Amino acid sequence: ARMSLILRGRRFGFSLEDIRHWLLIFEHEGTEAQMREWVALADSQLVELAEQKQQLEETIAELQTLRDTTAETLG
């Protein structure tokens, strides 16, 4: 179960330190504390992923424009 949580956490972009901290909370404070921490970590990660998505969309648009301009130059 721990490995599954670790792999899922990595898939969502959490650092190993974040995941380790989250698992330690469960061991020392229980399920409810762990769930509260998970919500806080997820909120933070959602913001980070949204920022990355925006940057990626801008990069794709810029690359597409440059590609199209270059292709038009070639005829």
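Predicted model: local features only at pLDDT ≥ 70, side-chain atom pairs only at ≥ 80, totals over all residues.

User: Which side chain does Glu27 meet in a salt bridge?

Analyst: That's Arg2, at 2.8 Å from N to O. The two link distant parts of the chain: Glu27 sits in helix H2 and Arg2 in helix H1, 25 residues apart.

User: And is Arg2 buried, exposed or partly exposed?

Analyst: Arg2 is partly exposed, with a relative accessible area of 45%.

User: How many salt bridges are there in the whole structure?

Analyst: A search finds 4. Among them is Glu17 with Arg20, whose closest N and O atoms are 2.7 Å apart. Both lie in helix H2, 3 residues apart, or about one turn of the helix. Another joins Glu32 and Arg36 at 2.5 Å, N to O.

User: New topic: which residues are buried in H2?

Analyst: Ile19, Trp22, Leu23 and Ile25 are. They're on the same side of H2, because they cover an arc of only 145° around the axis.

User: What do those buried residues pack against?

Analyst: Helix H1 (2–11) and helix H3 (31–74).

User: Which residues are exposed on the other side of H2?

Analyst: Leu16, His28 and Glu29.

User: Last one: what comes just after H2?

Analyst: Gly30, which takes a positive phi of about 100°.

Note on methods:
Residues numbered from 1 in each chain as written. Heavy atoms only, no water. Buried < 20%, exposed > 50% of the residue type's maximum accessible area, 1.4 Å probe, protein only. Helix = DSSP H or I, 4+ residues; strand = E, 2+ residues; numbered from the N terminus. Arc of directions from axis to C-beta. Contact = heavy atoms within 4.5 Å.
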